[in-house]
Amino acid sequence: MNPAERPLIEVRDLVKVYRTGDVELHALDGVSFSIDRGEFVAVMGPSGSGKSTTMNMLGCLDSPTAGEYFLDGRNVAALSGDDLAEVRNCGLGFVFQGFNLLPRLDALGNVALPLVYSGVGAAERRERAVTALERVGLGDRLHHRPNQMSGGQQQRVAIARALVGRAPLILADEPTGNLDTRTSEEIMDLLVEVNGEGKTIVLVTHEPDIAEYAKRVLHFRDGKLAKDEKKTAGSARTRQGTCSLAGIQTQGGGARSALGFAGPPETPDVLNERVQGTRPLPGFGAEPHDFSGEEVLR
Ligand code: ADP
Ligand code: MG
C-alpha cells in the first residue's frame with residue numbers, strides 16, 4: 001500500500017490484562033480500530049473503561065498482552081529497543097493532564113530535552129525549542145520554570161514539547177482535565193490549529209464539550225470499543241510531518257516480548273518519567289540521567 005494511504009495507527013484485537021495477586025483485570029478486551037493521517041480523534045468513556053491503557057499502548061509506553069499494533073505500517077511489537085526509542089522520540093508526542101514538566105528546567109529546557117535523546121545538536125535544539133514555544137504563544141516565557149507559569153501555560157509548554165520532535169502523531173490524555181473552561185478552550189483551539197497543520201491527534205476526554213472539537217469519537221466501555229462515531233466525512237487533512245517513521249526496521253516475526261516490557265504493571269510515575277526522558281524504556285542500554293538545564297541547551 002502507498003505509505004500515504006495506509007492508516008497511521010492500526011490496532012487489532014488489543015488485549016491488556018493486569019494481574020494483581022490472584023486477580024486478573026481485563027483493562028482492554030479485544031479492541032480494534034484504525035486512525036488515518038490527519039485525523040482528530042477523541043477517546044471517551046467512563047472512568048476505568050480502558051482509555052489510558054489504550055493511550056499507553058499507542059504511545060509505546062506499555063505493551064499489550066495480546067493483539068497487534070501497527071504504527072505507520074510498522075509492527076510495534078517487532079521493534080528493537082533503539083527503534084522503539086526512535087518511535088517515541090520522532091514518531092509521537094505526549095500531552096498529559098498533569099503537564100508532566102520537569103520542575104527544575106525552564107520552558108526552553110523542558111521543550112529541548114527530547115531532542116537530546118534524538119541526538120540533535122545544541123544549537124538546533126535551542127532553535128527548535130524556541131520555535132515550538134513561539135508556536136504555542138510562549139515566546140516571552142522561555143526562561144520561566146513550571147511553577148512560574150499558569151496551568152494553561154504549562155500545558156502549552158507540554159504541547160511545544162510534543163511538537164518539537166516533528167512527530168506526525170500527538171497523544172493527549174485528558175489534556176484539559178486540570179484547566180478551567182476558558183483555558184481548556186484555548187488549549188483545544190491550539191490543538192485544532194496543530195491538527196490543521198497536519199498532525200494526527202488522539203485525545204482522551206470525558207467531557208462532551210471537549211470531544212466536540214474532534215471529528216471522530218471512539219467510545220470505550222468495559223475495555224471494549226462500544227461505538228466509533230464519525231462526525232464529518234472526508235475532512236481529514238493528509239499533510240505529512242517532517243519526521244517520517246520510514247526507515248525504522250522491524251525485527252523478524254513479531255515476538256511481543258521483544259518489547260521487553262514483561263514484568264509487573266508500572267506506576268503512572270514510571271510512565272511519565274519515560275515520557276519526560278528521565279527514565280529509559282526497559283531494554284535500553286542507557287542509565288537514566290538527570291540532565292541539567294545547561295546540558296539540555298549547551
Ligand atoms: P480510564 O483511563 O478509562 O479511566 P484505565 O485505562 O486507566 O481507565 O484503566 C482501565 C482498568 O485497568 C481500570 O479498571 C484500572 O483500574 C485498571 N488498571 C489500569 N492500570 C493498571 C495497573 N497498572 N495495574 C492494575 N490495574 C490497572
Ligand atoms: Mg485515564
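Q: How many residues has α5, and what span does it reach from its first C-alpha to its last?
A: Helices here are DSSP runs of H or I with at least four residues, and strands are E runs of at least two, numbered from the N terminus. The expected span of a helix is 1.5 Å times one less than its number of residues. Helix α5 has 14 residues and reaches 20 Å, close to the 20 Å expected. This is a predicted model: local features need pLDDT of at least 70, side-chain atom pairs count only at pLDDT 80 or more, and totals for chains, interfaces and linings use all residues. Residues are numbered from 1 along each chain as its sequence is written, while chains are lettered from A and ligands numbered from 1 in the order in which they are written.

Q: How many residues of α5 are buried?
A: A residue is buried with 20 or more other C-beta atoms within 10 Å of its own, exposed with 12 or fewer, and partly exposed in between; the C-beta atoms are placed from the backbone. In α5, 12 of the 14 residues are buried, so the helix is largely enclosed by the rest of the structure. Among them are Gln154, Arg156 and Arg161. Across the protein, 45% of the 298 residues count as buried.

Q: What covers the buried residues of α5?
A: Contact is the test: two C-beta atoms, placed from the backbone, within 7 Å. The cover includes β6 (92-96), α3 (107-117), α4 (122-135), β7 (169-173) and α6 (181-196).

Q: Is Gln153 buried or partly exposed?
A: Gln153 lies in helix α5. It has 19 other C-beta atoms within 10 Å, so Gln153 is partly exposed. Beyond its neighbours within four places in sequence, Gln153 is in contact with Leu138 and Arg141. Gln153 and Arg141 are 12 residues apart in sequence and 8.9 Å apart in space, C-alpha to C-alpha.

Q: Which residues touch the most other members of the largest nonpolar core?
A: A nonpolar core is a set of buried Ala, Val, Leu, Ile, Met, Phe, Trp, Tyr and Cys residues joined through C-beta atoms within 7 Å. The largest has 75 residues, and Val111 and Ala160 touch the most other members. Helix α5 (residues 151-164) gives the most to this core, with 7 residues. Not counting residues up to four places away in sequence, Ala160 touches Val111, Ala132, Leu133, Arg135, Val136 and Leu138.

Q: What is the strand order in the open sheet of 6 strands?
A: Strands of a sheet pair through backbone hydrogen bonds, either parallel or antiparallel. Pairing here needs at least two DSSP bridges. The order is β6-β7-β8-β3-β9-β10, with mixed pairing. At the edges stand β6 and β10 (224-230), each with a single partner strand, so one side of each is left without a neighbour in the sheet.

Q: Where does α5 pack on the sheet?
A: Axes are lines fitted to C-alpha atoms, for helices over the stretch in contact, and angles run from 0 to 180 degrees between N-to-C directions. Helix α5 touches β6 and β7, and its direction makes about 170 degrees with that of β6. Helix α6 lies across β3, β7 and β8, at about 150 degrees to β8.

Q: In which sense do β9 and β10 pair?
A: They pair in the antiparallel sense over 6 bridges. Their hairpin has 2 residues between the strands, and Asp222 takes a positive phi near 50 degrees.
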